[in-house]
Amino acid sequence: MKGFNKFLLTAAAFFFCACAHAPAPGRDLAQPEIVEADGLAEYNVKDLAAGRAAAVADAKKNALRRAAELYMDDVSRAENYAAFEAGPLKNPQSYILKHKIISEGPEGASYRVSVQVWVLTGKLAAAVRGLSSAGAADKPRAALVARENPQGSAFAAAFSEALGRRSVLTIGDFPFARNAAAADTDEALLTAASAAGADLLLTASASAYASGAGLNTGFYPARADASVKVYETASGRLLLDLSRQGSAIDSTQAAAFSKALAAAGELLAQETAAKADRLLKPDAVIRIKVYGLDGLAALEKLKGQLQRLDLKKLRLERYSNGEAVFSAVPRRPDPQELASAILRGDSMGLELEGASPQEVLFTAAK
C-alpha cells in the first residue's frame, strides 16, 4: 500500500510540474530577435521629446524593414516591399516586444538615435508571406501580354481567370505587360519579362468578327479566333503555340463580340493549362538548414552568401533560435553539388553535417 501511495505522489508531482511549465495555448514560443537600426527625425530645439520620439519610431520601422527583407525573395521583393510598407509597417508595434536606445543626439538638422529592437520575427515572417497569394511563390510566374480586337478586356480577363483556376501557372501583375505597345516584338517582350523576374512569357491575341447577318433576325452571331505562345524567359525557347475559336450570339453586335472573345479565352486557357501542366514539371526544391547562427546579422551574411550561388530561387522559410531553413531551387537538383558550392563560397566557417535528396544540413562555427 505504501508503494502504491508513493507511486501516486510521484505521478501527481510530475503532473503538476508539467502543468506549471506547459506553455499557454497559442503562445509564440519563438524568441524575439534583436535588430539594431538607426532612426532620424527633424531636430526641434523647442520640443526635443517630440523629435526623439519620432526618431525612435523611424528606427523601429527601419528594424522591421531589415528583418522583413530576409523573408522576401529577389523575384517578389519589389511588389512585397510596397505591400509591406502599406500594410504591416502601418502598425509596427504589433511586431515589436521592446526597444533600447543605444545612442542619441543631434546631427546637423536632424536628431539621430541608434536602437536595439526586439522583433517578433515569427509573426513578422507570417505577415510577409501573407503579402503574396497562397502558394504563388512555388508556382511558375508568368507575364501575360494580351491583345484583342475590338479593344477591351473580355478575352484577356477570361483567359487569365480560367488559366488561374486550372493551371500551376500564376499570372503576375507586371507593369511592362500592362504597358506593352502593339508594335513590341516577342523578342523585346522576352527581354522585359526576364528583367522583371517572370519565369514564362505568354503572348496572346484574339479577334472577333461577325459570322452571319443579324439585321433581319434581331440577333448578331459572332466568332473569335484566339492564339497564345508560351515562352521560357531564361532560354527564350518557345514551349507552346496554341489556337482556339469561340462563338456567341446576342442582341447587339458589341455584346456578341465580347462574349465570343470571352468564350475563346476560356477554351484557349483550358488547352493551355492542360498542355502547360504536363510540360512544366515543378522545380526540385532542396532545403538548406543551418544551425548555430548568432542572430540576424549572421543570418543576413548567410543569405548574402547563398544569393551569390547559381540558384533559380532562394527563399527563407523560417528562422528561430539560431536555426535557419531556406528553400532553394538549384540549376541541377544535386544536393552534394549544392553543398559543395555552399562550402566553396563560405566565409562563416560552416560545417557540413549531412546531405539527402531533400536537404543539406550545416552548423555554423561558434
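Q: What share of the 366 residues in the protein chain is buried?

A: Buried means under 20% relative accessible area, with a 1.4 Å probe and protein chains only. In this chain, buried residues make up 39% of the 366 residues. The model is predicted: local features need pLDDT of at least 70, side-chain atom pairs count only at pLDDT 80 or more, and totals for chains, interfaces and linings use all residues. Residues are numbered from 1 along each chain as its sequence is written, and side-chain values use heavy atoms, leaving out hydrogens and water.

Q: Which residues have the most contacts inside the largest nonpolar core?

A: In soluble globular proteins, nonpolar side chains tend to be buried together. A nonpolar core is a set of buried Ala, Val, Leu, Ile, Met, Phe, Trp, Tyr and Cys residues joined through side-chain atoms within 4.5 Å. Here the largest has 52 residues, and I288, L293, F326 and I342 have the most contacts inside it. Helix α2 (residues 48-69; a DSSP run of H or I, at least four residues) contributes the most to this core, with seven residues. Apart from this core lies another of 32 residues, including A154 and F257.

Q: In what order do the three strands of the open sheet lie?

A: Strands of a sheet pair through backbone hydrogen bonds, either parallel or antiparallel. A strand is a DSSP run of E, at least two residues, and two strands pair if DSSP finds at least two bridges between them. The order here is β1-β3-β2, with antiparallel pairing. The edge strands, β1 (33-42) and β2 (96-107), each pair on one side only. β1 and β3 (residues 110-119) are joined over 10 bridges; E36 has Q116 in β3 as its bridge partner.

Methods: Buried means under 20% relative accessible area, exposed over 50%, partly exposed in between (1.4 Å probe, protein chains only).
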